[in-house]
Amino acid sequence: MKNKFVKKAAFVLSVVVALTLAGCSSNNKNGADVADPAVDKKSEGVMTYAEYMAAPLDSEVTIEAYVQAKQSWWEDQATVYTQDKEGAYFLYNMACSQEDYEKLKPGTKIKVTGFKAEWSGEVEVIDASFEIMDGNYVASARDVTQLLGSEDLIKHQNEFVSFKGMTVEDSGDGAAFLYSWDGSGTDGDDLYFKVSLNGETYTFTVESYLCDNTTDVYNTVKNLKVGDVVDMEGFLYWYEGVNPHITSVTVK
């Protein structure tokens with residue numbers, strides 16, 4: 001397995017660190033959706049989530065959604081996690097100036113036109129442009145713990161979700177995590193760690209562009225021990241199967 005995102009020079013991260021830290025903790029501490037009355041209304045010509053999911057790959061799509069977290073900005077391209085009341089959308093390398101990137105706070109409503117694509121099971125919007133709209137919505141974490149291993153889990157792809165009561169497993173040679181997917185990385189790279197539930201083991205990731213090594217979640221995972229029981233939150237990313245991008249870990 002390899003990470004999709006080619007890691008850039010360290011100075012690039014310094015440009016975006018302050019802008020991405022908000023995604024590395026629970027989006028909504030009180031556990032309730034925060035929305036304005038217009039949150040479910042779509043503009044003319046905008047797809048519902050069902051229409052978006054039914055659209056063929058490589059077709060042009062237009063959606064409206066709300067920023068939940070920002071992963072990265074590089075050379076006027078932004079990668080953003082978005083969601084509405086119907087489902088979630090992962091926007092990969094969307095055209096975006098640095099000035100506009102700073103405007104994309106959690107809850108910001110945007111209208112996006114791009115092309116539906118798939119990469120190793122991850123459905124996303126690429127080659128996109130956007131405009132900021134009126135409206136605000138921050139999703140609470142949906143508990144999908146009991147959907148792990150089921151065919152229904154993928155229906156919540158890219159949503160902000162939670163996993164509860166999972167056990168940290170050996171990720172290799174007794175380690176509770178690895179730097180990079182194969183252990184070849186160093187501090188600051190993505191963290192990969194294994195957790196289990198009901199006899200099944202899954203690989204979860206702290207994506208370093210989303211949550212770098214200055215964030216609580218990154219350092220919590222670095223201090224995990226095999227056998228720890230944890231609750232987690234993050235975005236239900238997909239890579240050859242479920243591979244959540246974790247933004248919060250609590251050791252029970």
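Reader: New to this one. In which sense do E8 and E10 pair, and over how many bridges?
Author: E8 and strand E10 (residues 191–197) pair in the antiparallel sense, over three bridges. Two strands pair if DSSP finds at least two bridges between them. Strands (E, at least two residues) and helices (H or I, at least four) are DSSP runs, numbered from the N terminus.

Reader: Before I go on, what kind of model is this?
Author: This is a predicted model: local features need pLDDT of at least 70, side-chain atom pairs count only at pLDDT 80 or more, and totals for chains, interfaces and linings use all residues. Residues are numbered from 1 along each chain as its sequence is written, and side-chain values use heavy atoms, with hydrogens and water left out.

Reader: OK. Which residue in E10 is the bridge partner of Thr-167?
Author: Ser-196. Thr-167 also has a bridge partner in E12, Val-229.

Reader: How do E8 and E12 pair?
Author: E8 and strand E12 (residues 229–235) are antiparallel, with six bridges. Strand E7 (residues 142–143) runs parallel to E8 (residues 160–169), joined by two bridges. There, Arg-142 has Val-161 as its bridge partner.

Reader: How many helices and strands in the chain?
Author: Four helices and 13 strands.

Reader: Switching to the core. Which residues touch the most other members of the largest one?
Author: Phe-163, Met-166, Phe-193, Phe-204, Val-221 and Met-232, out of 39 residues in that core. A nonpolar core is a set of buried Ala, Val, Leu, Ile, Met, Phe, Trp, Tyr and Cys residues joined through side-chain atoms within 4.5 Å. Buried means under 20% relative accessible area, with a 1.4 Å probe and protein chains only.

Reader: Which element gives this core its largest share?
Author: E8, with five residues. There is also a second, separate core of 23 residues, including Val-67 and Tyr-89.

Reader: What is Phe-204 in contact with?
Author: Leaving aside neighbours within four places in sequence, its contacts include Phe-163, Met-166, Leu-191 and Pro-244. Contact means heavy atoms within 4.5 Å.

Reader: Now disulfides. How many?
Author: One. Cys-24 and Cys-211 form it, with sulfur atoms 2.2 Å apart; the cut-off for such a pair is within 2.5 Å.

Reader: Where do the two cysteines sit?
Author: Cys-24 is in the loop between helix H1 (10–20) and strand E1 (34–35), and Cys-211 is in the loop between E11 and H4. They are 187 residues apart.

Reader: Are they buried or exposed?
Author: Both Cys-24 and Cys-211 are buried.

Reader: And why is the disulfide left-handed?
Author: Because the torsion about the S-S bond is about -110°.

Notes
Buried means under 20% relative accessible area, exposed over 50%, partly exposed in between (1.4 Å probe, protein chains only).
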